[in-house]
Amino acid sequence: MTERHVGPDEPSVRSAPDLHRPGACAWPPAGSDISVLMSDPELQRLAGLIRQEEFRVGRDLRDELQVFQDRRDYALLLADFAVLSRNCSAKHGRWGGICVLTAGHENTAPHWGVTSQGAIAWLGTAPDDPEPGPSVPCTVA
Ligand SMILES: [Zn+2]
């Protein structure tokens, strides 16, 4: 079986929306149920409180957990993949995979890492990002 390549003159490509224009793929799409929900002032207030608490706990744990950040930084410097492969794979919804603790720590400590805005601690993990391409829900006006 040969792979079929689609060129720019293909009818489906010519009629495709311009996904590179500003706002073409904003997520969540404007007007969607989730964007209406996310714009709710009470939800935004609660999200702000959660963010503050994540940074407060992150600061509180910094003296205890900074050694893990140092270990990760040193492993990156040496390209020590044995050490790096033992790191937790959890992701924060905003900051991604920044947890520097050893995998399996969830029963003893929250996820913890350092962002450009300071140390942060959180519970749970964000889902993987959707794959780019036609399977990503996108409404273009
Ligand atoms: Zn973790």
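Modeller: Two residues are in contact if their C-beta atoms, placed from the backbone, lie within 7 Å. With that in mind, let us look at Cys 88 in this predicted model, which has its place in the loop between α4 (81-84) and β1 (111-115). Leaving aside its neighbours within four places in sequence, Cys 88 is in contact with Cys 99, Leu 101, Thr 102, Ala 103, His 105 and His 111. Cys 88 counts as buried because 21 other C-beta atoms lie within 10 Å of its own, where 20 or more are needed. Cys 88 and Gly 104 are 16 residues apart in sequence, and their C-alpha atoms are 6.9 Å apart in space.

Two of these contact partners, Cys 99 and Leu 101, lead us to the largest nonpolar core, which has 13 residues and in which Cys 99, Val 100, Leu 101 and Trp 112 touch the most other members. The elements that give two or more residues to this core are α3 (41-78) and β2 (118-122), and β2 provides the largest share, four residues. Val 100, for its part, is in contact with Phe 68, Gln 69, Arg 72, Asn 87, Trp 112 and Gly 113, once its neighbours within four places in sequence are left aside.

As for the whole chain, there are four helices and two strands, which run α-α-α-α-β-β from the N terminus on, and 14% of the 141 residues count as buried.

How values were computed
Residues are numbered from 1 along each chain as its sequence is written. This is a predicted model: local features need pLDDT of at least 70, side-chain atom pairs count only at pLDDT 80 or more; totals for chains, interfaces and linings use all residues. A residue is buried if 20 or more other C-beta atoms lie within 10 Å of its own, exposed if 12 or fewer, and partly exposed in between; C-beta atoms are placed from the backbone. A nonpolar core is a set of buried Ala, Val, Leu, Ile, Met, Phe, Trp, Tyr and Cys residues joined through C-beta atoms within 7 Å.
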